Amino acid sequence: MAKKIRIIDTTLRDGSHAIRHTYSPEQAGKIAAALARAGAPTIECGHGDGISGSSCQYGFMKYDEYEVLQAVLDNAGDAKVGILLLPGIGTVEDLKRAHEMGAGLVRVATHVTEADVGEQHIKMARELGMEAIGFLMMSHMEPPEKILEQAKKFESYGASAVYMADSAGAMVPDDAAARVSYLKEHLSLPVGFHAHNNLGLAIGNSLAAVNAGADYIDGTLRGLGAGAGNAPHEVLTAVFHKLGIETGEDLYAIMDAAEDNIPELGVQMIIDKYALSIGYAGVYSSFFLHAKRAADRYGLDARDILIELGRLRTVGGQEDMILDVAYRLAQQKKEK
């Protein structure tokens with residue numbers, strides 16, 4: 001029997017980073033409808049940093065997040081609609097409201113060593129009858145054994161699956177394969193993999209993850225996402241179909257969804273020197289725009305900021321450190 005992969009489309013969530021969280025309800029509804037026509041099984045939407053991420057620190061959404069969510073729900077057809085929740089940003093009350101509106105899935109995202117902060121959110125989602133997935137960010141920073149330890153915590157809370165997110169786009173295929181195969185060997189839950197393209201390896205890493213046993217893979221139309229973007233959904237579908245791996249999607253329709261919707265957003269994902277530096281340094285992909293703004297403010301090269309953030313092993317949620325690092329580097333520059 002042919003292997004089947006579930007692609008979770010996160011154009012309307014991770015892709016929000018690339019357009020500075022400006023999706024209108026009309027745009028989001030149009031993209032959701034196109035994904036539904038293509039047979040995409042799952043659509044994740046919201047602020048790039050998850051529900052309630054609209055803020056001074058993470059960037060304000062141009063439109064109300066619940067209006068955007070409603071537009072997606074209204075146009076998603078048979079696709080399951082999900083949200084991302086980062087504990088400390090999103091709350092249990094946010095989760096309940098999204099569920100009441102019709103969201104059927106939540107991915108509870110924590111740093112790769114901090115699954116315990118997601119316990120109440122996983123348990124509440126299961127009480128509500130939602131699909132609840134543990135989402136371990138910055139998974140390149142820890143070895144497979146440590147990731148399994150955290151995945152087991154999510155499993156004990158009632159998670160229905162566990163994801164490893166290469167949030168910095170810092171992995172190479174051997175990294176992805178080693179982590180997925182280890183979890184598949186020792187975990188009873190489905191395993192997912194979320195790639196970023198900072199080193200140009202989003203498709204390669206996703207395929208390595210699938211070959212190692214991954215059950216779920218993330219993609220976005222045209223690769224829209226933080227940093228250099230994600231694995232392009234339409235390319236994933238084509239590659240999987242070419243290999244005889246079932247996705248349940250219509251290849252032409254997913255191509256059309258990308259071609260007909262993403263160019264009008266006015267952004268194209270490329271691996272520029274800053275995105276490449278993120279992957280090389282191993283820092284959170286959403287640091288991209290923050291580092292560029294800090295560099296402009298202090299007259300620095302953003303690459304120096306990113307490399308220093310990598311040396312300090314900073315993680316998502318420490319965006320406030322970007323200005324601190326920039327200020328320190330600027331002072332050091334003056335002293336030379």
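Biologist: Leaving aside its neighbours within four places in sequence, which residues is Ser-277 in contact with?

Modeller: In this predicted model, Ser-277 contacts Arg-303, Leu-306 and Ile-307 once neighbours within four places in sequence are set aside. Ser-277 itself belongs to helix H11, residues 273-281.

Biologist: Why is Ser-277 called buried?

Modeller: The relative accessible area of Ser-277 is 9%. Buried means under 20%, so Ser-277 is classed as buried.

Biologist: What makes H7 and H8 roughly parallel to each other?

Modeller: The axes of helix H7 (residues 173-186) and helix H8 (residues 202-211) cross at roughly 30° and come within 8 Å. Angles under 35 degrees count as roughly parallel, and H7 and H8 are therefore described in that way. The crossing of H7 past H8 is right-handed. On the H7 side the contact is made by Pro-173, Ala-176, Ala-177 and Val-180, and on the H8 side by Gly-204, Asn-205, Ala-208 and Ala-209.

Biologist: How many residues of each class does the contact of H7 with H8 have?

Modeller: There are 6 nonpolar and 2 polar residues, and no charged ones. Gly counts as polar in this scheme, and Gly-204 is among the residues contributed by H8.

Biologist: Why is H8 called oblique to H9?

Modeller: H8 packs against helix H9 (residues 233-242) at an angle of about 45°, and the axes are 11 Å apart. Roughly parallel requires an angle under 35 degrees, and roughly perpendicular covers 65 to 115; H8 is therefore oblique to H9. The crossing of these helices, H8 and H9, is right-handed. H8 supplies Ile-203, Ser-206, Leu-207 and Val-210, while H9 supplies Val-235, Leu-236, Val-239 and Phe-240. By class, the contact of H8 with H9 has 7 nonpolar residues, 1 polar and no charged.

Biologist: How do you know that Gly-219 is buried?

Modeller: Gly-219 has a relative accessible area of 0%. The cut-off for buried is under 20%, so Gly-219 qualifies as buried. This residue is found in strand E8, residues 216-219.

Biologist: Which residues does Gly-219 touch, not counting residues up to four places away in sequence?

Modeller: Gly-219 touches Ile-7, Ile-8, Asp-9, Thr-10, Thr-11, Ala-231, His-233 and Leu-236. Gly-219 and Leu-236 are 17 residues apart along the chain, and their C-alpha atoms are separated by 7.2 Å.

Biologist: What makes Thr-10 a buried residue?

Modeller: Thr-10, which lies in strand E1, has a relative accessible area of 0%. With buried set at under 20%, Thr-10 is therefore buried. Beyond four places in sequence, the residues that Thr-10 touches include Gly-15, Arg-107, His-194, Asp-218 and Gly-219.

Biologist: What joins the side chains of Thr-10 and Glu-44?

Modeller: The side chains of Thr-10 and Glu-44 are joined by a polar contact of 2.8 Å. The limit for a polar contact is within 3.5 Å.

Biologist: Which residue caps the N-terminal end of H3?

Modeller: Asp-64 is the cap: a side-chain oxygen of Asp-64 lies 2.9 Å from the backbone nitrogen of Tyr-66. H3 is followed by Gly-77, which has a positive phi, near 60°.

Biologist: Which residues of H3 are buried, and what covers them?

Modeller: In H3 (residues 65-75), the buried residues are Glu-65, Tyr-66, Val-68, Leu-69, Ala-71, Val-72 and Leu-73. Their cover includes strands E1 (6-12), E2 (42-45) and E3 (80-85), together with helices H2 (25-38) and H4 (92-101).

Definitions and conventions. Residues numbered from 1 in each chain as written. Predicted model: local features only at pLDDT ≥ 70, side-chain atom pairs only at ≥ 80, totals over all residues. Heavy atoms only, no water. Buried < 20%, exposed > 50% of the residue type's maximum accessible area, 1.4 Å probe, protein only. Helix = DSSP H or I, 4+ residues; strand = E, 2+ residues; numbered from the N terminus. Contact = heavy atoms within 4.5 Å. Polar contact = N/O pair within 3.5 Å; in protein donor to acceptor, adjacent residues only side chain to side chain. Axes fitted to C-alpha atoms, helices over the stretch in contact; angles between N-to-C directions. Parallel < 35°, antiparallel > 145°, perpendicular 65-115°, else oblique. Left-handed = near helix turned anticlockwise from the far one by under 90°.
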